[in-house]
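Thanks for coming, everyone. I'd like to walk you through one model today. Please have a look at it first.

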Amino acid sequence: MPVDTSSTSQKPTRRDQLLDAAAELFARFGFHGVGIDDIGAAVGISGPALYRHFRGKDAMLAELLTGISDKLLEGGRTRVAAAPSGPEALRALVRWQVEFALTNPALITVHMRDLDSLADTDRHRVREAQRGYVEVWVTTLRTTRDDLDAPTARATAHAVIGLINSTPYSAHLAPDAMAALLERMALAAAAPGGP
C-alpha cells in the first residue's frame, strides 16, 4: 500500500517505493503486463532484488489491495466514531473517500482491473474489508436518512463510492477543485436536500 509521506518528514522505504512503482505500473499496463524487472527498474534496482522485499509480484498485488481495503475500512470507522452527528459522519465518510480517490488513482484502477488476479484467500480478505466498509456507509446513511431501508442504503453507498472512484477517469480539475466538486456531488447523491 503506498505510504503517504507528505505530512511527515519520513523518507519512504525501499519496500514502499516498490509498492508505489508496482501500483503505477499495474495501473498502466495491467498486472499480467508487468514483470519484476519492470518494477525493479522503476526504483533503480534489478528485478531479482525485489525478492528481498516480497515473494513476488503476486505478493505485491495482495499487499496493495488488502492494505488499501483495510485502510479504507479503518479510516471510515475512525471518522464515523469521531463525528458528533449522523450528517457529520456522512460528510466525514465522503471526505475520506474523496481523499483516497484523489491520492490513489492507480490503486483504484488496479483494484477494478486486477482483483481477480489475487489468490482466493487474498481476494476473500479484500471482499470482506470492502463489505465492512460499505456497511459503515449503510449505517451512517440510515442514521442520516429515515427513508432508506438497508438494501437501498447499500445501493446508495455503492453508487456514491463508485461516483467518487471514477476520479482516475475524470480528474480534469486541480486537486482542490476536484475534491470540492466530488464532495458536493457525493453529498447531493447520498443525502438529497442536504445531510
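How far apart do the end C-alpha atoms of residues 12–72 lie, and how much of the span is helix and how much strand? The end C-alpha atoms lie 21 Å apart. The span is 64% helix and 0% strand. Helices here are DSSP runs of H or I with at least four residues, strands are E runs of at least two, and both are numbered from the N terminus.

Some ground rules. This is a predicted model, so local features need pLDDT of at least 70 and side-chain atom pairs count only at pLDDT 80 or more, while totals for chains, interfaces and linings use all residues. Residues are numbered from 1 along each chain as its sequence is written, and side-chain values use heavy atoms, with hydrogens and water left out.

Back to that span. UniProt lists residues 12–72 as "domain: HTH tetR-type", in an unreviewed entry. The unreviewed entry also has a "DNA-binding region", covering residues 35–54. UniProt positions are in the numbering used here, feature names are shortened, and annotations may be inferred rather than shown by experiment. Over residues 35–54 the chain is 35% helix and 0% strand. The end C-alpha atoms of that stretch are 13 Å apart.

Ala-27 is in helix 1, residues 14–29. Ala-27 is buried, because its relative accessible area is 16%. The classes are these: buried is under 20% relative accessible area, exposed is over 50%, and partly exposed is in between, with a 1.4 Å probe and protein chains only. What does Ala-27 contact, leaving aside neighbours within four places in sequence? The partners are Ala-106, Thr-109, Val-110 and Arg-113. Contact means heavy atoms within 4.5 Å. Take Thr-109: 82 residues from Ala-27 in sequence, yet 5.5 Å away in space, C-alpha to C-alpha.

Next, Ser-69, in helix 3. Ser-69 has a relative accessible area of 5%, so it is buried. Neighbours within four places in sequence aside, Ser-69 is in contact with Val-126, Ala-129 and Gln-130.

Gln-130 brings us to the pocket. The largest pocket has a volume of about 490 Å³. Of its 22 lining residues, the closest to the centre are His-111, Gln-130, His-158, Ile-161 and Asn-165. How is a pocket defined? On a 1 Å grid over the protein atoms alone, a pocket is an open set of points where a 1.4 Å probe fits, with protein on both sides within 12 Å along at least five of seven lines; lining residues have an atom within 4 Å of a point. Grid points are joined across faces, edges and corners, and the volume is the space filled by probe spheres set on the points.

Which helices each supply at least two residues of the lining? Helix 3 (57–82), helix 4 (86–103), helix 5 (105–114), helix 6 (120–144) and helix 7 (150–165). The lining divides into ten nonpolar, eight polar and four charged residues. Ala, Val, Leu, Ile, Met, Phe, Trp, Tyr, Cys and Pro count as nonpolar; Asp, Glu, Lys and Arg as charged; the others, Gly among them, as polar.

On to Arg-145. Arg-145 sits in the loop between helix 6 and helix 7. Is Arg-145 buried or exposed? Arg-145 counts as buried, because its relative accessibility is 16%. Its side chain makes a polar contact with the side chain of Asp-147, at 2.7 Å. A polar contact is a pair of N or O atoms within 3.5 Å; within protein, one must be able to donate a hydrogen and the other to accept it, and residues adjacent in sequence count only if both atoms are side-chain atoms. A polar atom of the Arg-145 side chain also lies 2.8 Å from the backbone oxygen of Ala-190. Not counting residues up to four places away in sequence, Arg-145 touches Ala-189, Ala-190, Ala-191 and Pro-192.

Last stop: the loop between helix 8 (167–170) and helix 9 (175–190), where Leu-173 is placed. Leu-173 is partly exposed, at 44%. Beyond four places in sequence, Leu-173 touches Met-178 and Leu-181. His-172 lies in the loop between helix 8 and helix 9. At 69% relative accessibility, His-172 counts as exposed. Ala-177 is in helix 9, and counts as partly exposed at 39%. The C-alpha atoms of Ala-177 and Gly-47 are separated by 39 Å.
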